[in-house]
Amino acid sequence: MLPVKIEAISIFPEFFDVLGLSLLGKAQEQDLIQFQAHDLRAWTEDKHKTVDDSPYGGGAGMVMKPEPWGRAFDEILSAKEASTVIFTTPAGIPFSQALAQELSQKQHLIFACGRYEGIDQRVVDYAATKADVLEVSIGDYVLNGGEVAAVAMIEAISRLIPGVIGNSESLTEESHNAGLLEYPSYTKPSSWRSLDVPEVLLSGHHAEIDKWRKEQSLARTKKNRPDLID
Ligand code: JDH
């Protein structure tokens with residue numbers, strides 16, 4: 001199998017160093033995934049390596065100027081392979097497990113991570129002439145830039161790539177959760193600081209355990225995510 005290629009473009013490529021740890025690090029060592037972070041400033045041409053400018057139409061803050069992004073895409077997007085460019089933005093479509101599943105099937109993903117107030121919209125339009133493009137958000141809160149959002153998406157996507165999670169049973173079990181939140185988990189010791197593991201889990205009675213877990217999932221979903229019950 002060819003490794004899945006995942007790239008990120010950012011003025012802070014160090015944000016992606018965490019992807020060398022743990023499962024993702026192993027997936028790269030096993031050549032299941034090739035991850036590369038690029039410094040956008042490599043595609044500037046002035047001595048100050050300028051990436052931002054004031055917004056047309058006025059308003060606070062700065063906007064990322066298009067030229068360095070254009071040069072970056074011209075270099076990274078080859079005519080040979082199909083690529084998907086993901087712009088992380090608070091104005092994007094919601095990231096979800098379903099989208100992670102879809103993106104885990106792609107051969108080449110490029111995360112474009114802005115800073116300041118975001119990127120000149122023509123960069124998105126230009127990328128769309130060369131690749132499939134998505135504007136995606138990880139949730140309704142405001143971050144200072146797209147890097148943390150991209151790291152979260154890359155982790156969610158990578159663990160779905162065949163071979164990356166050693167235990168494929170874990171993924172099968174997740175897909176059987178049927179839209180409810182997970183049930184609580186326990187491990188040894190059975191009694192800890194006078195807190196006991198629910199008796200049913202020690203019983204070995206698998207039908208009873210399944211029934212208890214379903215009840216717990218439903219109760220937790222009603223309490224924490226009533227929007228998921230329909
Ligand atoms: C990418 C820059 C900072 C801050 C809004 C409204 C000017 C826009 N779920 C998510 N939250 N945040 C991001 C994310 C934030 C980013 C970038 C992703 C690039 N930023 C930023 C505030 C605004 N503000 C009023 N306008 C006039 C912009 C961007 C994210 C994801 N994914």
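A pocket is, on a 1 Å grid over the protein atoms alone, an open set of points with protein on both sides within 12 Å along at least five of seven lines. A molecule sits in a pocket if more than half of its atoms lie within 2 Å of its grid points. By these terms, the ligand sits in the second largest pocket.

The model is predicted: local features need pLDDT of at least 70, side-chain atom pairs count only at pLDDT 80 or more, and totals for chains, interfaces and linings use all residues. Residues are numbered from 1 along each chain as its sequence is written, and side-chain values use heavy atoms, with hydrogens and water left out.

**Ligand surroundings**

Of the 19 residues around the ligand, Thr88, Glu117, Gly139, Tyr141 and Leu143 come nearest. By class, this shell has 8 nonpolar, 9 polar and 2 charged residues, with Asp, Glu, Lys and Arg counted as charged, and Gly among the polar ones. Strand 5 (84-94) gives the largest share of the shell, 3 residues; strand 5 and strand 7 (132-137) each supply at least two. Strands are DSSP runs of E, at least two residues long, and helices are runs of H or I of at least four, numbered from the N terminus.

| Residue atom | Ligand atom | Distance |
|---|---|---|
| Ser137, polar side-chain atom | nitrogen | 3.2 Å |
| Ile138, polar backbone atom | nitrogen | 3.5 Å |
| Tyr141, backbone N or O atom | nitrogen | 2.7 Å |

The protein covers 71% of the 660 Å² of accessible area that the ligand has on its own, by the Shrake-Rupley method with a 1.4 Å probe.

**Loop residues**

The loop between strand 6 (108-113) and helix 4 (121-127) holds Asp120 and also Tyr116. Asp120 counts as buried because its relative accessibility is 16%, where buried means under 20%, exposed over 50% and partly exposed in between. The side chain of Asp120 makes a polar contact of 2.7 Å with the side chain of Arg122. Tyr116 is partly exposed at 37%, and its phi is near 55 degrees, a positive value in a residue other than glycine.

Lys49, in the loop between strand 2 (33-39) and strand 3 (52-53), also has a positive phi, near 55 degrees. The peptide bond from Lys188 to Pro189 is cis, with omega near 5 degrees.

Conventions. A residue is near a molecule or strand if one of its heavy atoms lies within 4 Å of it. A polar contact is a pair of N or O atoms within 3.5 Å; within protein, one must be able to donate a hydrogen and the other to accept it, and residues adjacent in sequence count only if both atoms are side-chain atoms. On a 1 Å grid over the protein atoms alone, a cavity is a set of points where a 1.4 Å probe fits but cannot get out, and a pocket is an open set with protein on both sides within 12 Å along at least five of seven lines; lining residues have an atom within 4 Å of a point. Buried means under 20% relative accessible area, exposed over 50%, partly exposed in between (1.4 Å probe, protein chains only).
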